[in-house]
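Come along and follow each entry on the structure.

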Amino acid sequence: MGSALYGFDNELVVTADGPVRIVTLNRPDDLNGANRPMHQAMARVWDHLGEDPEARVVVVTGSGKAFSAGGDFGYMQENIDDEAMRVETIDEGRRIIHGMVNCPLPVIAAVNGPAVGLGCSVAVLADIVLMAEGSFLADPHLRMGLVPGDGGMVWPALVGLSRAKEYLFLGSRIPAEKAVEFGLASRVVPADQLLDEALSLAHRLAEVPAAALQRTKTSLNEWLRPQLAGAFESALTGELASMGSADHRDAVAKARAK
């Protein structure tokens, strides 16, 4: 593996394995929960990847035992206390969604542990999802008094509208095997083989003619692109409003007290 690329802080590290770029969410002591620097980096990284002339495929994973536990509760409190920051945070969420949908490179999520909230969104917005045995997906935005604006609106395209409603309304965990059954992931891999499997797949994709592969991804994502200004934008606007709600303030206070 090469040295870190693009000059990000330690919260998000990008390294090269030949034509493959490995994006690692890197706050292992906090289960890779997104603080403000990580969230800002996640919003910016897709432009760097798309403009990298040597890059052909992206693998996203987490350091330590989690993919990402979602938003850091301290960061949530900062947003509650600062209205201007809330606007910036939602704009960053918009850039994460648009960046992943519009990034020309195929993106593989190597889900090495719990992928919750924003972490779940990043996983399911990827083009191909590999999940370690024992990992799970969950989007508990509603339990925190929030509209799931940062990626929940991709769920109907993957699992159907009724199932998307059930799991987004309740925030229930979806184990790896069930995620494959539902169409949220491609396959389950032994945990100690996950990154090797993801990199093997990435290098296979890197051998596919790049222009044809990238145009194919772009064409397939035309199914999602109209929703960027539709369902996604509606949910992002809803999340911004809900970030200042009493329900969200109370949920964060309870979570921080545990």
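**Entry 1: a pair.** I started with Asp30, which forms a salt bridge with Arg27. Their closest N and O atoms are 3.2 Å apart. I kept in mind that this is a predicted model.

**Entry 2: buried or exposed?** Asp30, with a relative accessible area of 38%, is partly exposed.

**Entry 3: another partner.** Which side chain also meets Arg27 in a salt bridge? I found Asp72, at 3.5 Å from N to O. Asp72 lies in the loop between β3 (57-62) and α2, while Arg27 lies in the loop between β2 (20-25) and α1 (36-51), so this pair ties together parts that are 45 residues apart in sequence. Both Asp72 and Arg27 are buried. I then noted that salt bridges with shared partners join Arg27, Asp30 and Asp72 into one network.

**Entry 4: further along the chain.** I looked up Glu222 and Arg225, whose side chains meet in a salt bridge at 2.6 Å, N to O. Glu222 is partly exposed, at 44% relative accessibility.

**Entry 5: a charged patch.** Where do Glu78, Asp81, Asp82 and Glu83 gather? They form a patch of negative charge on the surface. I placed Glu78 in helix α2, residues 73-81. Glu78 is partly exposed, with a relative accessible area of 38%.

Notes: Residues are numbered from 1 along each chain as its sequence is written. This is a predicted model: local features need pLDDT of at least 70, side-chain atom pairs count only at pLDDT 80 or more; totals for chains, interfaces and linings use all residues. Side-chain values use heavy atoms; hydrogens and water are left out. Patches are made of residues with over 30% relative accessible area and no salt bridge: like charges are joined within 9 Å, nonpolar side chains (Val, Leu, Ile, Met, Phe, Trp, Tyr) within 5 Å. Accessible areas come from the Shrake-Rupley method with a 1.4 Å probe; for residues, only the protein chains shown count as cover. A salt bridge is a side-chain nitrogen of Lys or Arg within 4 Å of a carboxyl oxygen of Asp or Glu. Lys and Arg count as positive and Asp and Glu as negative; His and the chain ends are not counted. The place of a charge is taken as NZ of Lys, CZ of Arg, CG of Asp or CD of Glu. Helices (H or I, at least four residues) and strands (E, at least two) are DSSP runs, numbered from the N terminus. Buried means under 20% relative accessible area, exposed over 50%, partly exposed in between (1.4 Å probe, protein chains only).
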